[in-house]
Amino acid sequence: IVMGAREGSGMDHFLTGSDTFSVIDSSTRPVLLVPRRSDFSSLRKVVFATNFSEQDINAIRYLIKLGDIFNFRLEVFHVNRPGQDDITKRLREIELEKHTHKLKYSAIEVKEVYGKDIIDRLDNVCRDVKADLLSFSHYHDSLISGLFKQSLTKKALAKQKLPLLIFPSKFVA
């Protein structure tokens with residue numbers, strides 16, 4: 001599903017309002033949001049934000065299929081808060097790396113970065129690596145959303161200037 005994004009004061013309503021969020025919440029297919037004036041003529045680098053869930057592995061498989069078509073580099077990032085060192089998280093990261101290795105896509109890299117605010121850190125990562133697209137899974141009523149007292153997806157939508165490819169919580173590979 002491809003949707004455009006308006007500029008100006010209507011943007012906040014559009015991005016955090018009922019239209020876009022309803023589509024994301026009810027879709028079983030990825031939703032591509034393209035801001036006005038985005039240069040979407042070529043995809044060289046795609047950033048995927050992960051929390052190492054099973055849903056993320058399905059999304060990465062999907063992105064690899066797209067990568068085979070568009071020949072882009074896929075960089076998978078996990079934003080870890082400073083001082084947070086979870087053994088379970090590291091085990092999930094190792095599992096994700098095993099899965100990505102099995103997929104035999106040479107243009108993929110899994111990285112961990114640190115930051116207090118996930119969206120700000122991802123924004124910086126996208127700028128630093130010169131990403132053409134940011135992608136992530138939307139977790140309906142997730143622990144992450146609860147921790148931040150607002151939807152991580154809504155926050156990303158309101159702030160992000162890059163095209164976004166969002167994998168809805170009901171995503172079917």
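Guide: A nonpolar core is a set of buried Ala, Val, Leu, Ile, Met, Phe, Trp, Tyr and Cys residues joined through side-chain atoms within 4.5 Å. Buried means under 20% relative accessible area, exposed means over 50%, and partly exposed covers what lies in between, with a 1.4 Å probe and protein chains only. The model is predicted, so local features need pLDDT of at least 70 and side-chain atom pairs count only at pLDDT 80 or more, while totals for chains, interfaces and linings use all residues. Residues are numbered from 1 along each chain as its sequence is written, and side-chain values use heavy atoms, with hydrogens and water left out.

The largest nonpolar core holds 20 residues, and L33 and V47 have the most contacts inside it. At least two residues of this core come from each of β2 (31-35), β3 (45-49), β4 (73-80), α5 (118-129), β6 (133-137) and β7 (164-167). These names follow DSSP runs numbered from the N terminus, where helices are H or I runs of at least four residues and strands are E runs of at least two. The greatest contribution to the core is that of α5, with five residues. Another core, of 19 residues, lies apart from it and includes L32, V34, I60 and Y105. In soluble globular proteins, nonpolar side chains tend to be buried together.

Contact means heavy atoms within 4.5 Å. Not counting residues up to four places away in sequence, V47 touches E75, F77, V125, C126, V129, A131, L133, L134 and S135. The C-alpha atoms of V47 and L165 are separated by 9.8 Å, although the two residues are 118 residues apart along the chain.

Among the residues that V47 touches is S135, which has its place in strand β6. With 0% relative accessibility, S135 counts as buried. Leaving aside neighbours within four places in sequence, S135 is in contact with V47, F48, A49, L63, L165 and F167.

For R127 the relative accessible area is 54%, and its C-alpha atom is 9.6 Å from that of L162, 35 residues apart in sequence. The expected span of a helix is 1.5 Å times one less than its number of residues. For the twelve residues of α5 this gives 16 Å, which agrees with the 16 Å between its end C-alpha atoms. After α5 comes K130, whose phi is positive, near 60 degrees.

Rings of Phe, Tyr and Trp (its six-membered ring) pair if their centres lie within 6.5 Å; planes under 30 degrees apart count as stacked, over 60 as edge-to-face and the rest as tilted. The structure holds four aromatic pairs. One of them joins F48 and F167 edge-to-face, at 6.2 Å centre to centre and 75 degrees between the planes. This pair links distant parts of the chain, with F48 in strand β3 and F167 in strand β7, 119 residues apart. F48 counts as buried at 0% relative accessibility, and F167 is buried with a relative accessible area of 0%. The rings of Y62 and F167 also form a pair, with centres 5.5 Å apart and planes at 80 degrees, so this pair is edge-to-face. Y62 belongs to helix α3 (residues 54-70) and F167 to strand β7, 105 residues apart, so that pair too links distant parts of the chain. Y62 counts as partly exposed, at 25% relative accessibility. F48, Y62, F167 and F171 form one aromatic cluster.

T50 has its place in the loop between β3 and α3 and counts as buried at 7% relative accessibility. The side chain of T50 makes a polar contact with the side chain of D56 (2.7 Å). A polar contact is a pair of N or O atoms within 3.5 Å; within protein, one must be able to donate a hydrogen and the other to accept it, and residues adjacent in sequence count only if both atoms are side-chain atoms.
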